[in-house]
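The sequence and the model are pasted in below, before the entries.

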Amino acid sequence: ERRRETADTWTLELEPVGGPPLAPLPGQFTMLYAFGIGEVPISVSGRNGDRLVQTVRAVGAVTEAICAAEPGTVLGVRGPFGNAWPLELAEGGELLIVAGGIGLAPLHGALEHALMHRDRYRGLTLLYGARTPADLIYQVELGELREHAGLQLEVTVDAADPAWRGHVGVVPKLIERASFDPTDAIALVVGPEIMMRFTIEALVERGVALD
């Protein structure tokens with residue numbers, strides 16, 4: 001399956017061909033190969049049964065070919081590689097997932113895991129932002145998650161259009177208004193470098209400890 005997220009970003013669901021499905025942990029990545037063009041590392045965004053879910057931004061020849069792959073196209077997949085998110089450290093306490101733009105893709109598997117095992121966490125918060133409403137990924141899912149009783153969800157954009165009814169401002173500003181216990185919180189943060197820097201500063205100001 002292939003679905004468009006933004007003007008240059010697509011989510012692919014990949015089925016294994018002639019072999020067992022991959023079982024990546026939240027936070028790991030694979031090497032995706034477009035035959036005859038090349039290979040790139042792409043974060044795993046989650047799983048749908050035996051399908052591997054990966055969200056890809058078209059920024060070069062390889063990723064453009066991967067994003068253009070129609071259902072039925074064969075892509076090469078190696079992995080999974082890399083370390084997993086330390087979700088076990090947040091069990092019994094608060095888990096914050098803070099993402100900017102396509103940074104929600106590498107955190108999506110952690111969100112899926114936390115929602116599936118919601119009873120392991122005292123609190124679960126997703127703070128997400130992008131430059132404009134059109135740059136938000138997983139918009140259908142975000143709409144559904146607003147009704148999830150076990151999740152505190154706040155979404156913001158840097159610049160709104162006339163139809164936008166949510167928060168306007170940068171992602172770190174969401175930390176000021178979010179409800180969580182900073183003395184017992186683990187935060188997972190992915191986004192542009194400047195967003196992550198100011199997010200960490202905002203978390204420290206709220207009392208979240210740095211390891």
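Entry 1, surface and size. I took accessible areas from the Shrake-Rupley method with a 1.4 Å probe, and for residues only the protein chains shown count as cover. On that basis I noted an accessible surface of about 10,700 Å² for the chain, of which 54% belongs to carbon and sulfur atoms. I am working from a predicted model, in which local features need pLDDT of at least 70 and side-chain atom pairs count only at pLDDT 80 or more, while totals for chains, interfaces and linings use all residues. Residues are numbered from 1 along each chain as its sequence is written, and side-chain values use heavy atoms, with hydrogens and water left out.

I then looked up the radius of gyration, taken over C-alpha atoms, for which the globule rule is 2.2 Å times the number of residues to the power 0.38. For 211 residues a compact globule would come near 17 Å, and the chain, at 17 Å, agrees with this. The C-alpha trace spans about 50 × 40 × 30 Å along its principal axes.

I found 5 helices and 12 strands in the chain, where helices (H or I, at least four residues) and strands (E, at least two) are DSSP runs numbered from the N terminus. Of the 211 residues, 45% are buried, meaning under 20% relative accessible area with a 1.4 Å probe and protein chains only, against exposed at over 50% and partly exposed in between.

I use nonpolar core for a set of buried Ala, Val, Leu, Ile, Met, Phe, Trp, Tyr and Cys residues joined through side-chain atoms within 4.5 Å. The largest has 29 residues, and those with the most contacts inside it are L95, I97, L126, Y128 and L151. Elements that each supply at least two residues of this core include β8 (94–100), β9 (123–130) and β10 (152–157), while α2 gives the most, with 7 residues. Apart from this core lies another of 15 residues, among them W10, L14, V56 and C67.

I traced an open sheet of 3 strands in the order β4-β3-β7, with antiparallel pairing; two strands pair if DSSP finds at least two bridges between them. Because β4 (38–43) and β7 (76–81) stand at the edges with a single partner strand each, one side of each is left without a neighbour in the sheet. Strand β3 (residues 29–34) is joined to β4 by 6 bridges, and Y33 stands opposite E39 in β4.
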